[in-house]
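The sequence and the structure come first, and the notes follow.

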Amino acid sequence: MKLKQLIALLTGAAAAHCTMLSGMPLPEVSGLQNASGNISAEIGLVGNLICTPDSDTADRAALQWATTLDASGYVLYRSTDAETGYTPIYEGYGSSFEDDGLTVGTEYFYQLKVLTADGAQYSGVRSITPCSVPSGLSIYDNQKGSSLVYETSGYKVGDTYYSYALKSHGNGDIYLEETTSSDGKRFGNARNAADSSQNDALASCKIESVHIEYLPWANKVVVWAHWEKPSGYSDGKALVITGTPGGQFTVHHVYNPLDIEVRDMAIFFDDDAAHTGYLIAAANTKGQGANATMYIFRMNADYSGVTEIVQKLFPDQYREFPNLIKKNGYYFLFTSQAAGWYPSSGAYAVTDDIAGAWSDLRAIGNTSTFSSQSGWIVNLQDQNYMMHAYRWLHSADSSGTTLCPLYFDNGFAFYDYYPSFRYSTKTGALFPEQQGQLLSQDKPAFSSLAAQGSRAPCKAFDGDYRTSFSSVEETKAWPFTLTVDLERVCDVKNIQISWYICKGSEGYYAYTVEGSTDGQSWTTIYDHSDKNREAVSKTYGFNSNLISGRARYVRLNVISATLQNNPNNNWYNPAIYEVKIYGEPLGESEHRIRSAAFDFEQTNGKTVPDITGNGNDLTLYGKTAVQNDPERGNVLYFGGTADDYAAIAPGLLDGCREYTVCMDAKSASEGDFFTFAAGQDQDKYAFFKIAKDHFRFQTTVNTWRGETGLRYDLDAAQWHRYVLAVTPTACRLYVDGKLAAETDTLTTCPADMGSNLKLLFGKSFYPEDVGYAGYLDNIAVYSYALSEAEITGAGQKGDVNADGTVNAADAALLRDYLITKTRTLPDWQAGDMDGSGRLNAADLTLLKRMIMK
C-alpha cells in the first residue's frame, strides 16, 4: 500500500480509535483475554457504585487499587463474564479510574494487571452490579456539613435503650451520665452513674478521646478516656469506668497504664472466644516526646485495666487518633499524623495477628485527608464503612467533619472524597455522589512553569494522590497557572484540588478557576482569591468547589500560598498533587489527532512537505538529502555525522500518552546513535536506533539510568518496514508487518517530558554520540498507538466478529451490542461503517445494506 493511501486510511481510523472510549485511547488487544489465575496477595482492588445527585440509578463505578509490588504501570480489564471476555478500559500509572455508562442490572467483572520488572501480576476478580438507588435514603453533605441520621440511638438491653456520656456540671468536674428510652429516640431519666465520689481525680480535670462501648456478651458498659489536669497535657492518664446498664458503675482507674503516658486512644474487642479487649494509644514513656509511639495493650478479663504491652508500633513517628477494625480476617489500624489543629495525612497498618508482624504504614486518601484529620470509623450494619474525619479549621458555612466511604480488599484499605452521599444507618446502604463524570483524568495538561518529567503537569491529572505536578525549583514563580484540555466542551460542576501541604508550615491557597471553549477567551467560573473570607483562610490541603460553567479548557490560576506560621514568607515551590474536574460532556470528544508523514517524492530545498496536510514539514540539516534509489525511488540519506539529521517542528507529541513511529530503513550504522528521538534533552527522551544488527528502543525522564524499553536482533542492513506503537506502559515493534517484539515495562511517556518536545531523525541528545548512517523512507508519526489491524492491514469493514467474513452474524452481534451494551465486539472499528468514530444505528443500517448486496 502506498504511504498516501495508508495515511488516508489511518486518518479515519484514528478518529474512531480516540473517541470510542470516555477515557484515554487504549492499545489494541489481540483477541479476548481470559481472567488470569496468576493472582498476587500483594494487590488490592476495590470498586463501588456511584451516582449523581439528580439520578435514581447508580450506573458508574469508581475503581481504586494499591500494591506493595514495585509497579511500573497498570492495566485494568473489564468483562461481563467472570471467566473470559476481558478487555482493557484503563492503562497508565494512576491508582484509580472511573467507569461510566454502565447498564443497570448487568454484572461487571474487573481484574487489575500490575506490571513489574519481574513480569505481570494480577489482582483477584472483583464484580459490581449497577442498580437503582433505593428511595427514602438520607443525604449527607460533605460540602456544607450534616449530621448522620439514626433511626434509634443508644444501646438496647431488653426493652430499654441506654445512652451514656461523660459530662460536667460546669465546675470542671466529670461524671458519667446515663439516660434511658423506650423507643431509642426520646431519652430521659438522667442519672449520675459514676463521679468524683468514687475517685477525686474527677473533681477537676479535662477529658478527651472518649470511648464508650456496650458489650452484649458481658452485659457491660466499658468506658476509656484520656484524662488530664484542667491545664496542660503532661499527665497522659487513662480514665477507666465499667458497669451494668441500669446498675452499678465503678471508676477503676485514673492512671498511666503500666507506667506509660497515653493520650489519643481507641478500644477494640476481638471476635475470638475470649472476646479479648485491647487499648490502642498514642503513647510514650516519661521523658519521651508526647505520642511518640503507638502502643497496643491487652486488657484484663473484665476490661477494667491492662495486663501487658502487645505491640509498640511506629516508634518516634508521632501518630495520633488510632482506630482499629477487623475486616475479612485482617486487622486495620488507622492513624493520623500529629499536626495540631491542622489537616494531616492519614495512614494505616495491617496484620492478620495483633501480636504478630505488622505492615509498614500505608498511605490512604490524599496527603491532607481532604483538609481533615482521620478519626473514627462509622460502621453501617457491617455492610459499609466510612472514615469519620475532623475538620478542626473550617469556615462557618462549611462542614466540620468529612465522611469518606471506606473499602477493604486483600489487606488493603481505601477511601476517597465525595461531595455528598446517600445512606441508611438502618440497612447499611451507601451510595456516594459525584457531580457527574470525572472529565479530567489523563487529559492533556499544561503549566506556565517548567517541570521535570516525573513532576510534569499531567501528573496532577493522573488519578493518583501520591504523584504531583511541581515546578523546577530554579524557575518557580507565583502566581502560576495549570491548564487541562477536557477535549470537548463540558458542563463543569465540581473541581477538587489536592494541594501541597507541609507539616508545621501549613498553607492555604488563593486562586481562581477559569473556563474557555476555545482556549482563547476565558471566563472566571469560580473565585477563591479573597483572603478575608474564612472559606479561603481556613481551608488547608484540599478544596472542593461546586462550580458552574461550560468549558473545554479549565485553567487554575494559583495566586498565592499563605503559610500559617509565616504568612509573609511563601517559600513553597509551586506544587499540586491532584486536580479532579467533574461534570457532563456536552458533545463528542474533540481529541486532536496529530500526525506527520513523508514519502520524499517532493522536496523544496531542505524542506520535505508533510503529506498529511497538517503542515508538520521535515527540515533537513547537514549533508542529509533526498536521493534516488533504483528500487525504491526517492529516499532520505544520512551521512553518519552528528550534523546530518532531520527534524519536525517541536510540539507534535506534546501531552501525548501514546504514539506510533513508522519508517522503512536500511542501516549502515554502528556505535552509539539515535535513528529517531523525541524529547527535551539527555535527561528526558524516547529514542530508537536501527543498527546494522539490531533495533533498540528506550524511554526515560532520568537520563540513561532510568531507561526502559526493548531490543530486537535482525539483519538491518537490508530494507525493512518498522512500526513502533507505544502506550504509557507497553510498546510493540512490528517488522515487515509482523509482531517482532514487545514489552510492558515502560515507565514514561511524552506527557511526562514537558512541552515543545523535539522530534529528530538521525541525531542523538547526547553530544558525544555519532549520527545515523543509512537510509529512511515512508516516515510517519502519529499521536496515538496504531492497532494491530491498522499496522498489519488485517480487519475487514463490517467484520465485527473478526471471523474473516461479513454476514448476518456480524449484523446480529452489532444489533445486540447497540441494544444491550452487554455484548463484546472483537473488532468494533470494523463496525464503524460511517467513519464517525462511534457505533450507532446508522452503522447497523449500512452493514445490513452491505450484506444484502
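**Briefing on selected features**

Ser209 is located in strand 16. This is a predicted model, in which local features need pLDDT of at least 70 and side-chain atom pairs count only at pLDDT 80 or more, while totals for chains, interfaces and linings use all residues. Residues are numbered from 1 along each chain as its sequence is written, and side-chain values use heavy atoms, with hydrogens and water left out. Strands (E, at least two residues) and helices (H or I, at least four) are DSSP runs, numbered from the N terminus.

- Strands of a sheet pair through backbone hydrogen bonds, either parallel or antiparallel.
- An open sheet is formed by 4 strands in the order 16-17-18-19, with antiparallel pairing; two strands count as paired if DSSP finds at least two bridges between them.
- Strand 16 (206-215) and strand 19 (249-255) are the edge strands, each pairing on one side only.
- On average, neighbouring strands of this sheet are turned by 15° against each other, direction ignored; the axes are lines fitted to C-alpha atoms, for helices over the stretch in contact, and angles run from 0 to 180 degrees between N-to-C directions.
- Between strand 18 (residues 237-243) and strand 19 there are 6 bridges, in the antiparallel sense.
- Gly243 has Phe249 of strand 19 standing opposite.

**Val222 in strand 17**

- Val222 belongs to strand 17 (residues 220-228).
- Val222 counts as buried because its relative accessible area is 0%; buried means under 20%, exposed over 50%, and partly exposed in between (1.4 Å probe, protein chains only).
- Leaving aside neighbours within four places in sequence, the contacts of Val222 (heavy atoms within 4.5 Å) include His211, Ile212, Ile241, Thr242, Phe269 and Tyr303.
- A distance of 6.9 Å separates the C-alpha atoms of Val222 and Gly243, which are 21 residues apart along the chain.

**Backbone exceptions**

- Most residues other than glycine have a negative phi, and most peptide bonds are trans.
- Ser209 has a positive phi, near 45°.
- Gln381 also has a positive phi, near 55°, and is found in the loop between strand 28 (373-380) and strand 29 (384-390).
- With a relative accessible area of 44%, Gln381 is partly exposed.
- The peptide bond from Trp478 to Pro479 is cis, with omega near -5°.
- Pro479 is in the loop between strand 36 (469-470) and strand 37 (480-499).

**Asn616 in a loop**

- Asn616 sits in the loop between strand 43 (607-608) and strand 44 (618-621).
- Asn616 counts as buried because its relative accessibility is 18%.
- Not counting residues up to four places away in sequence, Asn616 touches Ser595, Ala596, Phe598, Asp610, Ile648 and Leu652.

**Cavities**

- There are 4 cavities of 30 Å³ or more; a cavity is a set of points, on a 1 Å grid over the protein atoms alone, where a 1.4 Å probe fits but cannot get out, and lining residues have an atom within 4 Å of a point.
- The second largest cavity holds about 140 Å³ of space; a volume is the space filled by probe spheres set on the points, and grid points are joined across faces, edges and corners.
- This second largest cavity is lined by 14 residues, and the closest to its centre are Ala62, Phe97, Asp416, Lys580 and Tyr582.
- Strand 3 (60-67), strand 6 (96-99) and strand 41 (575-585) are the elements that give two or more residues to this lining.

Notes:
On a 1 Å grid over the protein atoms alone, a cavity is a set of points where a 1.4 Å probe fits but cannot get out, and a pocket is an open set with protein on both sides within 12 Å along at least five of seven lines; lining residues have an atom within 4 Å of a point.
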